[in-house]
Amino acid sequence: MLSEKAKSLIEKLNMEYPAVAVKMLFERPAEVEHYAGKKQAFCQYVHEAQTSGKKFYISKDDDDCYGKLAMGMIDKPPVTASGQAGYDFGCYGTPAACGQLYQKLPILEPHTVNYVEFCPVPLCDFDPELLVFVAGFPASDIIMRATSWISGDLWESKSSPVLSCAWMYAYPVISGKVNHITTGFYHGLKRRKTYPEGLRMISIPFQKIDEFTAALDRMDWTLIAFRDDEQSKAALAEKMQHWQEMAAACGSTVDLHEERPEQAGGASE
C-alpha cells in the first residue's frame, strides 16, 4: 500500500499533472468504476486520471491503440508486427526496420493482465505496479535524482518512435528499472496531443517505489550548490576546503573550485 507519507511527499512536488498509480490485474477490480467515457489510447488514460481526479479501470476493449499489446492482452497483430504501419507512418525507412521493434518489444506475460486501474496518487489504496509522473522542471529533476539517490543506479532511457507505451508501462515492470522519455518524440503521444512537448514522463516500477519515496524524504530537493543563502555558501566552501585537505594528504589536488565573483554567469563545475 502506498503510504500517506509517500503521498504527501509526492504532492509537495506541486506538478501541473498529478502523479498516477497504475495497477495491472487478472481479475476485475472490486469497488472501482469501469471507465465509461470515449474510447481512448492507453497513454490517454493516464492523462484522464490526472485531469479528472478519478480512479477507474479499463479492459482491452477500451484501448484504441496498442497499450493492450504491451499489457499482453492481445497477441501481436501480423500486419503491424510486420513493420508495415511504422513504415507507412514514416517512422522507419523500411518495414524491416520497424519489424525489429516487434522482435524486441517488452510485453507482459500474455493474457495475465485483463484489466488496468489508473488512480491519482492521493486516492491510491493499493500496491501499484507503477507510479507515473509527467513533469517539467524543477519537479522532474527532483524525481530523477530520487530514483538514484540511494541505489546509485544510472539513468537510462529506453524507447522507440512508436509504441512508447510498451517502454513506459511494460518495460519498467519487467526490468525493475525506472524509465523516462520526453514528450514530443513519440508518434502516438504527439499525434493525439496528449501532452505539451518537452515534458519528462517518468515511470517508476514497484521494485523501486519504496526506495524512491525514502529518497524524497531524506535528500535535499535543492542541492547546496544551487542555494543562494549565505549559510549554504559557507557550508559548501567548508566542504570544498576539506576536499583539498583530503587530496593534500595523498599528494594530490582537487580541481573543483568555488565560483569566484568574476566567474559569475559563466560555466562552472
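**Ground rules.** I'm working with a predicted model, where local features need pLDDT of at least 70, side-chain atom pairs count only at pLDDT 80 or more, and totals for chains, interfaces and linings use all residues. Residues are numbered from 1 along each chain as its sequence is written, and side-chain values use heavy atoms, with hydrogens and water left out.

**Count.** I looked up the salt bridges (a side-chain nitrogen of Lys or Arg within 4 Å of a carboxyl oxygen of Asp or Glu) and found eleven. Side chains of opposite charge can pair when their charged atoms come close.

**Glutamate 4 and lysine 7.** I found these two joined by a salt bridge, with 3.2 Å between the closest N and O atoms. Both sit in helix α1 (residues 4–11), three residues apart, or about one turn. Helices here are DSSP runs of H or I, at least four residues, numbered from the N terminus. Next I checked accessibility: buried means under 20% relative accessible area, exposed over 50%, partly exposed in between (1.4 Å probe, protein chains only). Glutamate 4 is exposed at 58%, whereas lysine 7 is buried at 10%.

**Lysine 233 and glutamate 230.** This salt bridge spans 3.8 Å, N to O. I noted lysine 233 as partly exposed at 37% and glutamate 230 as exposed at 58%.

**Arginine 227 and aspartate 220.** Their side chains meet in a salt bridge at 3.9 Å, N to O. Arginine 227 is partly exposed at 25%, and aspartate 220 is partly exposed at 46%.

**A network.** Last, I saw Asp153, Lys208 and Glu211 linked in a network of salt bridges.

Terms used: Helix = DSSP H or I, 4+ residues; strand = E, 2+ residues; numbered from the N terminus.
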